[in-house]
Amino acid sequence: MMLLLITILKCLVFSGLVLRIKPEEVEMASYFPQFRDDLSEIRWVHAVNSRRQLEEALNSEAEMIEADVFLGRIISRNPDLKEPVMTHPPINESDLSLRDFLSEVIKADRRKGVKLDFKSIETVQPSLQILSDLFEEIRFPIWLNADILPGPVNATNGTVTVFLFLFMCKSFFPESVISPGWMTYNSETIPIEERAYGWENVVEMAATLQNAAILQPVTFPVREIGRAHV
């Protein structure tokens, strides 16, 4: 873990990355002015993890496209070459890489925003490097999501290391909206009230973001079944 952090710090120093000014049009309320009064009305399409699904999403009425990112391989390419691809573990292959995914959204120019759900810490740095490479072409909202803290019902720790995820998001792509979530355990055998988020979850997340000095916009993904009980 320490070696990974040192490597990231070196990349930041030698790449000359600096905080950039986010264009006004990329902010959610400006990009989707028809929803300025209630951004919850924005429509979503989820798990867009293949070329076919991306084409359908780009031609849909949804404003936001959510997709999973995992370090894997592209079908029909060198099986030893690992890169960020659009898939949900345990599946580790796809016909769509993250770079191609973003390039297609850029090329389509359909006024769609993108939410990327990172499934492992190893996936984050190379993914954010791709986003940084495409910075000049990206003119739509980018949300960066990962489950970083344990949630209700004694859920396991997050799939992505807390400090590294937040540090890399604000360093590599400060124009993004950070979407940190909780690992949750959901089963119909457990009473609804026990599956709900508690104030302890809220307080821990707030303290985590404060300690990481996060200044960019933040949104929280929560299970609907637990939201009404907070």
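Predicted model: local features only at pLDDT ≥ 70, side-chain atom pairs only at ≥ 80, totals over all residues.

Select Gly151 and show its neighbours: leaving aside residues up to four places away in sequence, Gly151 touches Trp182, Met183 and Asn201, where contact means heavy atoms within 4.5 Å. You will find Gly151 in the loop between β6 and α6 (162–172); helices (H or I, at least four residues) and strands (E, at least two) are DSSP runs, numbered from the N terminus. At 12% relative accessibility, Gly151 counts as buried, because buried means under 20% relative accessible area, exposed over 50% and partly exposed in between, with a 1.4 Å probe and protein chains only.

Residues are numbered from 1 along each chain as its sequence is written, and side-chain values use heavy atoms, with hydrogens and water left out.

Next, select residues 142–150, which form strand β6. Is this strand mostly covered or mostly uncovered? Seven of the nine residues in β6 are buried, so the strand is mostly covered. Look for Leu149, whose bridge partner in β7 is Trp182. Trp182 is also one of the residues that Gly151 touches.

Now bring in β5 (residues 113–118), which runs parallel to β6 and is joined to it by four bridges. Here Lys115 stands opposite Trp143 of β6. Show helix α5 (residues 121–133) as well, and you have a right-handed β-α-β unit made of β5, α5 and β6. Right-handed means that, with the strands pointing away from the viewer, the path from the first strand over the helix to the second runs clockwise.

Keep α5 and select helix α4. The axes of α4 and α5 come within 10 Å and cross at roughly 30°; axes are lines fitted to C-alpha atoms, for helices over the stretch in contact, and angles run from 0 to 180 degrees between N-to-C directions. The two helices α4 and α5 are therefore roughly parallel. Where do they meet? Leu98, Arg99 and Leu102 in α4 meet Ser127, Ile130, Leu131 and Asp133 in α5.

On to helix α3 (residues 51–58), which packs with α4 (residues 98–108) at an angle of about 25°, the axes being 11 Å apart. That makes α3 roughly parallel to α4, since angles under 35 degrees count as roughly parallel, over 145 as roughly antiparallel, 65 to 115 as roughly perpendicular and the rest as oblique. The α3 side of the contact includes Leu54 and Leu58, and the α4 side includes Phe101 and Val105.

Finish with some backbone stops. Most residues other than glycine have a negative phi, and most peptide bonds are trans.

- Asp109, in the loop between α4 and β5, has a positive phi of about 50° although it is not a glycine.
- Ser76, in the loop between β2 (64–74) and β3, has phi near 85° and counts as exposed at 75% relative accessibility.
- Pro89 to Pro90 is a cis peptide bond, with omega near 15°.

Key
Pairing = 2+ DSSP bridges.
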